[in-house]
Amino acid sequence: MMISLRHTVATLGIVGLFLLFGPSRAIAADGPVTAPSTSSIEQALTQLTSEDESIRDAAIRVLISQGDAGLVPRLEGIRASASRSIRQAIKPLMDLLKNRAKLASPDSDARRSAATDLGSSGNPSAIPWLDAAKVNESNKWVRYTMEESSALIKLASDDPSTKLAAAEKLGELRSGNAVPALKALVEAGAVAEATEQQKVLAKVAEAAIDRIETWGDWANAIETIFRGISLSSILLIMSLGLAIVFGLMGVINMAHGELMMVGAYATFVTQQCFTAWFPPDVFDWYFPVALPVAFLAAAGSGFLLEATVIRFLYGRPLETMLATWGVSLVLMQAARVYFGDLTAVVAPGPLRGGAQVLVGVYLPYNRIFIIALSIVCVLGIYFALFKSNLGLRVRAVTQNRNMSACLGIPTRKVDSYTFAFGSGLAGIAGWVLTMVGNVDPGLGQNYIVDAFMVVVTGGVGKLAGTIVASLGIGGLNKLIEPGLGAVYGKVFILVMVILFLQWRPSGLFAMKGRDAD
């Protein structure tokens with residue numbers, strides 16, 4: 001009995017020792033056999049420096065399929081000490097990994113840029129990345145770019161059916177970026193040695209090109225119309241103040257362009273003050289602050305000009321024109337001495353870039369803002385002239401100055417305040433012109449002739465005529481500019497305006513009845 005008990009205890013002890021140490025020893029023994037000493041990524045990183053191109057290409061394929069953007073710092077370290085051929089091989093790999101990571105960026109612009117870069121790389125490995133990212137993409141135009149980039153890569157495939165489907169897809173997308181590759185397919189199918197598959201592919205590519213080019217013509221037409229409206233809005237803003245002054249007092253103010261220049265430089269000075277005295281995170285606020293500054297600076301200059309020069313020359317249009325031309329030369333030279341020949345205003349963040357509304361149609365934010373501003377200015381002037389007591393007095397003086405004076409209206413004050421208001425509108429024009437060009441002493445001279453053409457074509461003192469004339473001259477300018485060029489286009493418009501005034505000397509909306517006095 002004692003022997004049996006000892007035998008049982010010994011057996012249990014052996015089993016316990018086996019259970020305690022056996023598995024761990026077995027795992028430790030099996031570990032070096034089943035797990036490699038380095039991972040496949042580590043091995044590929046090592047093989048990147050190989051001088052054997054086939055080994056290096058195989059390593060790059062492994063890193064593309066299994067790696068991510070976290071490898072970029074290590075790749076940069078390898079590239080820093082590698083030969084020129086190896087650096088050239090690693091650079092596209094780094095770009096692919098970076099762009100793959102950017103496809104998941106919260107910034108839509110970064111995602112779209114990454115999709116564009118992947119499409120231009122031509123690497124077939126990017127196709128599944130783009131297709132996967134497209135599924136969860138919420139932005140319409142980022143998703144469009146992903147589809148376009150994927151189709152562009154497939155168009156270079158060796159599989160004819162894949163190329164055929166890609167050509168059809170690019171035609172549906174109206175992709176202007178695909179035209180060179182599609183033309184190459186058309187040329188390949190036109191040679192005598194072309195196979196039947198190449199000929200079929202050439203027909204599909206030709207149909208896609210026709211579709212793309214037809215849409216391109218429509219896109220160009222839409223953008224031309226938008227540019228015409230944008231230029232018309234600029235001309236309208238510049239001409240409003242001139243039309244009020246010219247219509248009320250009959251003053252030909254050749255310094256109106258320089259009053260616009262005053263508004264532009266007031267905007268520049270406001271920007272410099274924000275740069276010097278305010279933190280960077282509020283820099284963009286300089287632009288709305290510069291609006292009243294530009295208006296008041298130009299209005300004050302106009303008030304001073306009327307008080308010192310123009311009030312002594314009423315009823316003498318030739319002397320007024322010569323005097324204001326001399327003032328314009330003085331203002332230009334003063335700006336050149338103080339500010340130099342060229343300064344620039346940085347556009348605020350919200351007005352940079354543009355919006356894509358259709359395929360190939362981009363509308364800049366600053367131009368959209370100018371169009372909206374011109375509408376606001378027209379509405380503001382309408383209510384000021386036709387819905388206020390001051391506007392009633394201005395219209396009374398415009399229609400019959402002597403009768404207005406007999407009724408107790410202070411015509412001198414009306415003249416002074418109206419000239420200052422028209423000058424302030426010129427300052428607003430200068431404020432907004434900083435968004436479309438540099439600020440220089442000759443800023444006003446670039447637009448004053450067009451502004452006068454708008455005023456005389458529309459009809460002196462007529463708000464509706466100024467609006468219609470600005471739309472006509474601005475739109476016509478952009479329509480004929482592609483064919484004749486900018487210089488000959490302006491000459492053509494000037495000739496047309498002269499011929500029109502020979503037919504209708506009073507403009508589109510001539511004064512009638514009592515207004516004609």
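Modeller: Phenylalanine 278 is partly exposed, because its relative accessibility is 40%. This is a predicted model. Its ring partner is phenylalanine 274. The two ring centres lie 4.5 Å apart and the planes meet at 20 degrees, so this pair is stacked. The cut-off matters here: planes under 30 degrees apart count as stacked. Phenylalanine 274 has a relative accessible area of 10%, so this residue is buried. Under 20% is the limit for that label.

The structure holds 14 aromatic pairs. Another stacked one joins tyrosine 265 and phenylalanine 339. Here the ring centres are 4.3 Å apart and the planes are at 15 degrees, so the stacked label applies again. Tyrosine 265 belongs to helix H12, residues 256-277. Phenylalanine 339 belongs to helix H14, residues 317-339. The pair therefore ties together parts that are 74 residues apart in sequence. Tyrosine 265 counts as buried because its relative accessibility is 5%. Phenylalanine 339 sits at 25%, so it counts as partly exposed.

Ring pairs also build a cluster. Its members are Phe283, Tyr286, Phe287, Phe369 and Trp431.

Arginine 174 lies over the face of tryptophan 215, and the distance to the ring centre is 5.1 Å.

Now helix H15, residues 365-386. H15 has 22 residues. From first C-alpha to last, H15 reaches 32 Å, close to the 32 Å expected at 1.5 Å a residue. Its buried residues are Asn366, Ile370, Ile371, Leu373, Ser374, Cys377, Val378, Ile381 and Leu385. Seen down the axis of H15, these buried residues fall within an arc of 160 degrees, so they line one face of the helix. An α-helix has 3.6 residues a turn, so residues three or four places apart point the same way.

Last, helix H13, residues 286-308. Proline 292 lies within H13. Its relative accessibility is 43%, so proline 292 counts as partly exposed. Glutamate 53 is 239 residues away from proline 292 along the chain. The C-alpha atoms of these two residues are separated by 67 Å.

Terms used. Residues numbered from 1 in each chain as written. Predicted model: local features only at pLDDT ≥ 70, side-chain atom pairs only at ≥ 80, totals over all residues. Heavy atoms only, no water. Helix = DSSP H or I, 4+ residues; strand = E, 2+ residues; numbered from the N terminus. Buried < 20%, exposed > 50% of the residue type's maximum accessible area, 1.4 Å probe, protein only. Expected span 1.5 Å × (residues − 1). Arc of directions from axis to C-beta. Phe/Tyr/Trp six-rings, centres within 6.5 Å; stacked < 30°, edge-to-face > 60°. Lys NZ or Arg CZ within 6 Å of the ring centre and 35° of its normal.
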